[in-house]
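Please find below my note on the model you sent, arranged as numbered points for discussion.

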Amino acid sequence: MTQTQEPARSRTFTWADPAANAAQVGRRSGIDMLRAMIAGELAAPPVMHLIDMARMEADEGRVVVELTPQEFHYNPLGSVHGGVLSTLLDTAAACAVHTTLPAGVGYTSLDLNVKFLRPVTVDSGTLRCEGTVLQRGRRTALAEARITDARSRLIAHATSTCLLLPQEPQP
C-alpha cells in the first residue's frame, strides 16, 4: 500500500521475548501469571505493545484492560478498526478465564462473538474493557467482555468460549 499522507507518521515499539512467559505456563496459576505481569515481574505479552494496551487489573474471574485510541488504530473510515476492538475484547475475556485456572491448565479461544455499538475515535478517550467469566466447566469456559469509552458509553460487547487444556511445564 502506498502512503500518500504528508507528513508521514511513524511508530516504534519494543517487546520482551515471549518465551519467558511461555515457560511459566504449567508452573503458575493463571491469576499468579497475570499478577506477575501487572507487577512487572514478567513482561507484558508482545500484543499489548503492538496495539498499545495500557493498565491491567486482575481478580479471580475478572480482568480489566485499557486502551487509548490513537491514529495508528484507524481504519480507512477514520475510526478505530474493529480488529483492534476485537483484540481488546478477546484479551479481557480470555484473561478473565485465565485467572480461574490452576497451574497445569491452559486455554485457547474457541470463538469470539462481537457486537459493535458505536464508532471509536481519538476523541472517545480511554477505553475500558472488562472481561468476566460467566461459567467455567472442566473442558470449556464462557466469558464476556464489554468496552466502554471515557463517558461510560457501551462501545462493544463480546462473548467468548475457551477450551481448557492440560499444560505441561516447558523444560
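Predicted model: local features only at pLDDT ≥ 70, side-chain atom pairs only at ≥ 80, totals over all residues.

1. Dimensions, burial and contacts. Taken along the principal axes, the C-alpha atoms of the protein chain fill a box of roughly 50 × 30 × 30 Å, and 36% of the 171 residues count as buried. Among the contacts between residues at least 6 apart in sequence, 65% join residues that are at least 24 apart.

2. The accessible surface of the protein chain comes to about 9,500 Å², with 52% of it belonging to carbon and sulfur atoms. There are 16 positive and 17 negative side chains, and the centres of these two sets lie 5 Å apart.

3. Burial of strand β2. Because 6 of the 6 residues of strand β2 (residues 62-67) are buried, the strand is largely enclosed by the rest of the structure. In a regular strand the side chains alternate between the two faces of the sheet. In β2, Arg 62, Val 64 and Glu 66 point one way, whereas Val 63, Val 65 and Leu 67 point the other way, and all are buried. A reader may wish to inspect Arg 62 and Glu 66 in the display, as both are listed among these buried residues.

4. Partners of β2. Which strands pair with β2? Strand β1 (residues 53-59) pairs with β2 in the antiparallel sense over 5 bridges, and Met 56 has Val 65 of β2 as its bridge partner. These two strands form a hairpin with 2 residues between them, and Gly 61 in the turn has a positive phi of about 80 degrees. Strand β4 (residues 127-136) is also antiparallel to β2, to which 6 bridges join it; the bridge partner of Val 64 in β4 is Glu 130, and that of Leu 67 is Leu 127.

5. Strands β4 and β5 pair in the antiparallel sense over 8 bridges, and they form a hairpin with 3 residues between them. Within this pairing, Gly 131 stands opposite Ala 145 in β5.

6. Two residues with positive phi. Most residues other than glycine have a negative phi, and most peptide bonds are trans. Asp 52, which is not a glycine, has a positive phi of about 70 degrees; its place is in the loop between α3 (46-51) and β1, and at 36% relative accessibility Asp 52 counts as partly exposed. Ser 152, likewise a residue other than glycine, has a positive phi near 65 degrees. Ser 152 lies in the loop between β5 (140-148) and β6 (154-166), and with a relative accessible area of 62% it is exposed.

Methods
Residues numbered from 1 in each chain as written. Heavy atoms only, no water. Buried < 20%, exposed > 50% of the residue type's maximum accessible area, 1.4 Å probe, protein only. Contact = heavy atoms within 4.5 Å. Areas by Shrake-Rupley, 256 points an atom, 1.4 Å probe, with all protein chains shown as cover. Lys, Arg positive; Asp, Glu negative; His and termini not counted. Charge placed at Lys NZ, Arg CZ, Asp CG, Glu CD. Helix = DSSP H or I, 4+ residues; strand = E, 2+ residues; numbered from the N terminus. Pairing = 2+ DSSP bridges.
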